[in-house]
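Dear colleague,

Here is the structure, with sequence, for your files. My notes follow below.

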Amino acid sequence: MIMLVAKPNYFLQSASNGLLLFATSVLPAIFPFFFCSTLLTAIGAARAVAKLGAKPVRTLFNAPPEGAYVLALSLLSGYPIGAATVADLYTRGAITRDEAKKIASFTSTSGPIFVLGTVGSAVFGSPAYGAVILLSHYLAAFVTGIVFRGRRQQSERTEARLLATDTDNLLAESISSSTLSMLAVGGYIVLANMLIDALALTGIGDLIAAIPNGEISSVLRALLTGLVEMTRGSMMSKEIGNLPLALACACGTVSFGGLSVIAQTLTFLGRCGMGFGAVLIRKAVQSCAAFLLCLMFSHIFFTLF
């Protein structure tokens, strides 16, 4: 608050940049997925996809069949579609609270458009690098799901029933729900952008830059930025001289998502009884797994090619 009062023009520009990023990049890329996922869930598409993936998600993650549906949407669409779909299924009575927590453990992923296009091609200049990051990112989500799979329930699962939806209002409700969700996402993107710019005023970046070892300094700056916002964290990973390490840092950053993605996730998973600590520990495990997997795959990739 003190910074806002002391430098109003600085943070006005910061907020404007965040809004511009949301309006020109995030909104057109994610809104269609929000709308389609909401509409598909409302018409019962979860049942059809769930039948196809029931056995794998039960075996790997000890999760209900609906987990396959959420996973498919998350892998295709990216943040925060997985969390939003979990909350939607829970609200409609399709899954229980415990099942929602299990599904949320392995369905928090970024999408291929962002990883391959933005991180791979735009940041690192190679779709192949993006593919290494994407593979590691997805596998890390599976590892997280296995870590938090929990014990198999002794009692048989009660067959869930979706709440009835008025067909006449289906499109209107889907548009309304998607719009409200996107406004929340936009708000967190603006706040994250302002927080990063606020950190720049503290001088912490200059302190990190003063570290004699340039590689360590670059890693710390990338990770610090990535803790808040994954896009800018990924861009700073490019400055790391060691390419395998740079890719691993970018992958870990994307998998963590930053406080922006965690806050977006909590907006939805809070309805299922998940708190900040539960989401944070899952994203931390996923981020560490992604870093290690990407570092390993990067060395293999550069050895072969």
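Predicted model: local features only at pLDDT ≥ 70, side-chain atom pairs only at ≥ 80, totals over all residues.

**Confidence, cores and surface**

pLDDT is the predictor's confidence in each residue, from 0 to 100; helices are DSSP runs of H or I, at least four residues, numbered from the N terminus. The chain average is 87, and 94% of the residues score at least 70. Over residues 154-164 pLDDT stays under 50, and the model has 20 contacts for them beyond four places in sequence (contact: heavy atoms within 4.5 Å).

The largest nonpolar core counts 65 residues, and Phe34, Val86, Phe124 and Ile133 have the most contacts inside it. Such a core is a set of buried Ala, Val, Leu, Ile, Met, Phe, Trp, Tyr and Cys residues joined through side-chain atoms within 4.5 Å; buried means under 20% relative accessible area, exposed over 50%, partly exposed in between (1.4 Å probe, protein chains only). Helix α13 (residues 243-256) gives the most to this core, 9 residues. Leaving out residues up to four places away in sequence, Ile133 touches Val115, Val119, Phe124, Leu247, Ala250, Cys251 and Cys294.

Ile300 is found in helix α15 (residues 276-304). Ile300 counts as partly exposed because its relative accessibility is 40%.

Residues are numbered from 1 along each chain as its sequence is written. Local features need pLDDT of at least 70, side-chain atom pairs count only at pLDDT 80 or more, totals for chains, interfaces and linings use all residues, and side-chain values use heavy atoms, with hydrogens and water left out.

Regards

Technical notes: Helix = DSSP H or I, 4+ residues; strand = E, 2+ residues; numbered from the N terminus.
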